[in-house]
Amino acid sequence: MTRKDKLLRLNPQPRSNFLLVQCPECSSKQIIFSHASIEVKCFVCGKTLAKPTGGKAKILGKILKKYYE
Ligand SMILES: [Zn+2]
């Protein structure tokens, strides 16, 4: 009789990451924290690129790349 303790804890989802976001207005690129707790604005034209939601920030620009921590 074999006792199996299978505790396979797969965590494919990283806790947080950084996103390379392109501004829809002026096309400048900016790195934004995925869980930004404050509104992130484009440093060139001032357009809002990310809005805090309490969890993952809402990204309003185009996500070009993701950097996982
Ligand atoms: Zn911009």
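Me: Before we start, what makes two strands count as a pair?

Reply: Two strands pair if DSSP finds at least two bridges between them. Keep in mind that we're looking at a predicted model here.

Me: OK, so how do you know that β1 and β6 are paired?

Reply: Strand β1, residues 17-22, is joined to β6 by 6 bridges. The cut-off is at least two, so β1 and β6 pair, and they run antiparallel. One of the contacts to look up: leucine 19 has lysine 66 of β6 as its bridge partner.

Me: And what makes β1 and β2 a pair?

Reply: Try the cut-off again: at least two bridges are needed, and β1 and β2 have 5, so they pair too, again antiparallel. Here phenylalanine 18 is bridged to phenylalanine 33 in β2. These two strands form a hairpin with 6 residues between them, and serine 27 in the turn has a positive phi of about 65°.

Me: Why are β2 and β6 called edge strands?

Reply: The open sheet has 3 strands in the order β2-β1-β6, with antiparallel pairing. β2 (29-33) and β6 (62-68) each have a single partner strand, so one side of each has no neighbour in the sheet. Ignoring direction, neighbouring strands are turned by 25° against each other on average.

Technical notes: Residues are numbered from 1 along each chain as its sequence is written. This is a predicted model: local features need pLDDT of at least 70, side-chain atom pairs count only at pLDDT 80 or more; totals for chains, interfaces and linings use all residues. Helices (H or I, at least four residues) and strands (E, at least two) are DSSP runs, numbered from the N terminus. Axes are lines fitted to C-alpha atoms, for helices over the stretch in contact, and angles run from 0 to 180 degrees between N-to-C directions.
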